[in-house]
Amino acid sequence: TDVASCDIIQVCAISGEKTFNVYVCPRQQISEEASSVNGFTVINQTLFLDGVPMETKSHEEALTDFLAFLVTLHRPVLVGHNIKRFDRPILSRIMYEFCLLNEFQKVSDMMENKENIGDSLNSKASDKGTPLLECAGCLPSPAPAADQHIPVEDHSIVFFDLETTGLGSNCDIIQLSAVCMEKTFDVYMVPRTPIAKGASAVTGFTVRRHKLYLHRRPVQTKTHRDCLMSFLAFLQALNRPLLAGHNIKRFDCPILARALEEFQLNEEFKLLVSGFLDTLILSKDLLQNTGIKSFKQESLVKELLKKSYPAHNALEDVKALQDLCRVLRPTPTQITSHLFTLDQMESLSSLQPLVEEKAISKTTAQKLARLGYSFEKMKHSHLQNPSEGLRQFLEPLKAELKNSMFTKTVDKICEFFKIEH
């Protein structure tokens, strides 16, 4: 069963004497295997259970009713069997689709996998007076704050890659692929901008009459939003993983961030991942003084793994990158030293006007972004107190710069805001 794309048919829950049960007519065909197990069939857009027609609701009505049921239970604990791998990612994706995630987090306390909780749930319920809920699926508890330190050893690494219409900052996504150990993710979408001739020659992608072809063969596609939602569901099942890729800091991450923002999914994305790791930067650090001249992924795979692979197909790229990192064997400390977050990338992007006007250097901009400073935050601090506000606000930057350089940097930023204002 594909948790990244299958649809909900029934949602059930029970808490004490209270029960909830609702049926939904699925938006895609029920597989023969699933139908033989659960007895559900669809004929002429009517849902049948063991041959008996069932009363159904729309997906949005069913989920809204489920939230209303949870409201009556005063922030319940949700429990289910094998929900971590199956029910939770599916319900998560549907909740995202209908913009109900925030409402869900307001009414529920936490989620538990019934296989793992044992007797501790009973004591938890008696201590807090929290009712226990058996459910068909659930979402994760609120994630740690973005700036909270998360040990690398505790999180999976997901290798991801994009194939796009070109190399420019405004290019569109064609393929999004990821791999984490044996788990793989691979989706295609029809790009909304023309594919550059150079990109088409390298990747084999073409578009004719709004259909996507790979090496002249048609491929199944989804909308950009559906692809991103499926990717979030894939990540959800992996407990705030680290996302790794080759040259992602300069290329893939900005493009992915722009797409997430376009569909208002960037905040949900931040809750699901711990950070990013650019293996291009990491490999240059690990392989310095080895005589290796090219750090392109294809070159490194050929040099270190002694093999070639079908490069410029996102799925093949991420599989090869995962194999490459097994050979590189970076330590947790080495990985941590190269991590960055989406917030830091957004901060760095916001600081570009200061770089362009030479108020700060690119290196200083990177240091400011790493510390969480954005253009708007600094501008607000300056306007609140033009004489000393920015100097006090940027005090942590002193540890990164010499005292004289710190003073010069603050003065230049202040001058920039004065001219702009």
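# Terms and values in this model

User: Where is Cys25 placed?
Analyst: Cys25 sits in the loop between β2 (18-23) and α1 (32-38). Helices here are DSSP runs of H or I with at least four residues, strands are runs of E with at least two, and both are numbered from the N terminus. This is a predicted model, in which local features need pLDDT of at least 70, side-chain atom pairs count only at pLDDT 80 or more, and totals for chains, interfaces and linings use all residues. Residues are numbered from 1 along each chain as its sequence is written, and side-chain values use heavy atoms, with hydrogens and water left out.

User: Which residues does Cys25 touch, and what makes that a contact?
Analyst: Leaving aside residues up to four places away in sequence, Cys25 touches Val42, Gln45, Thr56, Lys57 and His59. Each counts as a contact because heavy atoms lie within 4.5 Å. Cys25 and Glu55, 30 residues apart in sequence, are 9.2 Å apart from C-alpha to C-alpha.

User: Why is α12 called oblique to α13?
Analyst: The axes of α12 (residues 297-305) and α13 (residues 314-328) come within 10 Å and cross at roughly 50°. That angle makes α12 oblique to α13: under 35 degrees would be roughly parallel, over 145 roughly antiparallel and 65 to 115 roughly perpendicular, with the rest oblique. Axes are lines fitted to C-alpha atoms, for helices over the stretch in contact, and angles run from 0 to 180 degrees between N-to-C directions.

User: What is the handedness of the crossing of α12 and α13, and which residues meet there?
Analyst: The crossing is left-handed, a term for a near helix turned anticlockwise from the far one by less than a right angle (clockwise would be right-handed). Gln297, Leu300, Val301, Leu304 and Leu305 of α12 meet Asp317, Ala320, Leu321, Asp323, Leu324, Val327 and Leu328 of α13. The contact divides into 9 nonpolar, 1 polar and 2 charged residues. Nonpolar covers Ala, Val, Leu, Ile, Met, Phe, Trp, Tyr, Cys and Pro, charged covers Asp, Glu, Lys and Arg, and polar covers the others, Gly among them.

User: What makes β11 and β17 edge strands?
Analyst: An open sheet of 6 strands has the order β11-β10-β9-β15-β16-β17, with mixed pairing. At its edges, β11 (183-188) and β17 (339-340) each pair on one side only.

User: How do you know that β9 and β15 pair?
Analyst: Pairing requires that DSSP find at least two bridges, and 3 bridges join β9 (residues 157-164) to β15 (residues 242-245), which run parallel. Phe159 has Ala244 of β15 as its bridge partner. Helix α8 (residues 224-236) packs on this sheet, touching β9, β10 (173-180), β11 and β15, and its direction makes about 175° with that of β11.

User: What is the order of the 3-strand sheet, and how many bridges pair β13 with β14?
Analyst: The order is β12-β13-β14 in an open, antiparallel sheet, with β12 (205-208) and β14 (217-218) as edge strands. β13 (residues 211-214) pairs with β14 over 2 bridges, and Tyr213 stands opposite Pro218 in β14.

User: Which residues of α17 are buried, and what covers them?
Analyst: In α17 (residues 362-370), Thr364, Ala365, Lys367, Leu368 and Ala369 are buried, that is, under 20% relative accessible area with a 1.4 Å probe and protein chains only (exposed is over 50%, partly exposed in between). Their cover includes α15 (342-350), α16 (352-356), α18 (375-384) and α20 (403-420). Of the chain's 421 residues, 47% count as buried.
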